[in-house]
Amino acid sequence: MKKFDVIIIGGGHNGLVASSYLSKKGKKVLVIEKNENVGGLAEYAESLNCISPIIKKELGINVNNINHSNNIISLEDNQNHTILSDKNGKLSFVQTNADENDQKKFLSIINNYKLFSKTLGAFMFQKPPRVKSGKRADLFQLISMGWKIRKLGKKNMRELLRVIGLNIADDLEDNLNSNNLMGLLSHEAVLGTNLGPRSPGSILTLLYKQAINDNIFNLNKIEVAEYINQLEDCCNKNTVEIIKSSEVKKILTQNNSVTGVQLTNGEVFESKYVMSNADPKTTYLNLLGAEILDTDFIRRTKNFRNKGNVAKLELALENEININNIDKKMNGKFIYAPGIKYIEHAFNANKYNKYSENPCLEFYVNQKTLSANVYYVPYLINTNHKENEIIERCVSVLSKFIPDMKIVKQKLITPNKMEEKFNITGGHWHHGDLEIDQLLMMRPFYGSAQYSTPINGLYLCGAGTHPGGGVTGINGLNAAKKVIEDLK
Amino acid sequence: MNTSKISYKKPLLETPFHERTSEHCYANDWYRWAGYKVAKEYSSTELEYTSMRNTAGVIDITPMHKYDIKGEDAKKFINKLITKDITNIQSNQVAYGIWCNEDGMVIDDGTIFCFNENHFRIFCAERNLNWFSDTATGFNASVEDISPSIAALAFQGPLSCKILNLLKVENIENLKPFHFNNYNIENHNVTISRTGFSGDLGYEIWCDPSQAIDVWDSLFKFNRDYKVLAAGMNALEMVRIEAGFIQPNVDFMSAEQALRPNRMRNPYELGLGWLVNLDKEYFTGKQALIRHKEKGPEKKLVGLDIEGDKPAVGSVLYDNSKKNQAKEIGIVTAAMWSPVLKSNIAIGFVSKEHYKLGSNVYAEIYHPEELDYRKIWAECKVVKKQFFNNPRRNETPAFT
């Protein structure tokens, strides 16, 4: 029976970050990955935009930015598309139907949100404080959070506290007239969450995502595969053992403490420290087993909202893709969410576990291929998606803008497929919704926050922890730091 | 539950015994228990109490919540739920247990009937379906609320066995305390358990609702010689205080219902530490209970023997015989003048410095006298909660 200092379940990017960090600190680490390749869900990230400089520094990773064309193109049925260009975080309109007043206000709203998200961003990369722990460090962190908000000044602090629980539709409708611009910003707020533009808290999600990405429209990119490769190299250099194509069946415990893990093939590895890169529900209900957890804790685990609703669509066409009324050089991120009403209607279907008649899309074009995030395609329990129907709906939207679509190849990855492939209960990008009660020191939920769990020696390091999804790597790093702290 | 019987004009359900209980209930004084109507007082609380202490009393306890736990993991489920270890429980045995939340605070207590390894039944006063169902996560065990399908009577008192004997319930005298079995009362199949709330010999009878009236009538059959009375909730309250049984949401707030966290109580505070087995591998609240035990209770539920004869209902407890120097140290949760013990008794919380048996504390009793209160400063001695515990309760064969 092999013994390790730390075993990491799941070789997602957070698992790799954690293992690299731990092995750099001289620990003997084992990573167990279910699939043939490591990297996990990062495979579906179009290209990365948000690995944090801290990770680059700590692990000595050096991935260059790729220069996408920095445009955001919001498509409109009447072919009067809006094009925004982003130059180092400075937005300007290239083409739009909206009047000057609207343009000005739109940019000022974004500036406001940027300011607020900076305030939140200060806590993004730290371990969130524990409330009522009585420890000085936690208290200090809480005070500094309060102080950062206070420091915004009277007017801005009031504005932040006003919008933080607000739905984005209300704020936009108060300020703008152009449906297209409202749809564009609403899209960024609701993509990847279980919210519609009129759901309370949708502004907070936008601010939060912006704080993680350091940009509202996610534009500075690096190559995913390259990043994962470098992480894997970093692991190999530091003698991390990685077992691929093996699935963990059970986390073994005794007397409320971890003793090791057992694989589906029966093999057992011993360790007093186990980190789970799986989502909280999978970790607690499947890997650990509810039998040894308190009933209140199981309730909270079950109530963790983790229903994914974004599907990934990959299309290959016969000819090079041209978008109507858009210059070929104007490549970038295309968004089809032409107004609050449209998105909200799409969201209505989601509430009743149906996919939207009129899906919203975000897509990138690369010569003959197109890859899109489609929402809302809810995670379904007990039934299957009619995939062809969903693809048809998407194609009928796309064909408004792409003349003569001749599809050679098509592939749809629904939340259910993501669940199956990566063992993520609910197939959620972020392992769980980013909403006010599932953020910061409350993520994923009370009793499991700050990367620790009720079981001694078991830690969470996946997207279910603070700061949530997005390929930041911070979750893995913070969790690894916590393990090092406890190992002492 | 037959909800069709409920309407806005008739918001409470009637138990299968209602035809009889309503005949007996001259006082027409009803109590609302889990959506049912049960008698608070039939004609005279004192008489009903006396019947339970001298012959036998019949109490309609149908509204009790009853949950069937079935499946391969039924026993494992119970062991996770309650704080006590029931690994060695045998068929036809009854266990008394409490269950706590993750903070080690008591949610409710109940009796657990073991039919076999794969089938248990839990009887409790509060609704617990939600808690049980969530606790069953990960176990191969189903939880079903079967409350409406069973009619129940408590038959308590020194002559209860004698009367069952007269009814030719075979071998009933050999039923041991905390056991149950199937019996026959005048051609009706019933389940009888030797359990109860009175601190004396007594039984609880479980039957199909369709047979309820016949079973009720049988128990009153020998009333020419043995004056069996229907007893209401008030009389039950008297015997349970004497016996030292505690009641959720009366003596303590159920952790599932308390709104204020500092109103919840752990087993050590309730004097139920003997029901907690910290050696057991796992149960909900274990980690918290280890801490609670280490720390020791800040306050404790104790029995109080109070001077005088004025019941200390709702009294505040103090530490000094001189009122002007006294500090508050506790509160009375239930109090009565005990006719059978001829003493003034109470159950109450007393703080750390004073809960040792034999300590003296003082109660300020507000005694109503013709639209005015007389304030009495009464000395109380801290005693065991079990004021009344007749040896008959545990003897087998039972007293006939």
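User: Where does Pro467(A) lie?
Analyst: Pro467(A) is in the loop between strand 19 (458–460) and helix 15 (474–487) of chain A. Helices (H or I, at least four residues) and strands (E, at least two) are DSSP runs, numbered from the N terminus. This is a predicted model, where local features need pLDDT of at least 70, side-chain atom pairs count only at pLDDT 80 or more, and totals for chains, interfaces and linings use all residues. Residues are numbered from 1 along each chain as its sequence is written, with chains lettered from A and ligands numbered from 1 in the order in which they are written.
User: Is the peptide bond from His466(A) to Pro467(A) cis or trans?
Analyst: That bond is cis, with omega near 0°. Most peptide bonds are trans.
User: Which residue does a cis peptide bond join to Tyr375(A)?
Analyst: Tyr376(A), and omega there is about 0°. Tyr376(A) sits in the loop between strand 17 (369–375) and helix 13 (387–398) of chain A.
User: New topic: what's the phi of Asn423(A)?
Analyst: Positive, about 55°, although Asn423(A) is not a glycine. Most residues other than glycine have a negative phi.
User: Is Asn423(A) buried or exposed?
Analyst: Asn423(A) counts as buried because it has 21 C-beta neighbours inside 10 Å. Buried means 20 or more other C-beta atoms within 10 Å of a residue's own, exposed means 12 or fewer, and partly exposed is in between; C-beta atoms are placed from the backbone.
User: And what about Asn92(B)?
Analyst: Asn92(B) isn't a glycine either, yet has a positive phi of about 70°. Asn92(B) is partly exposed, with 18 other C-beta atoms within 10 Å.
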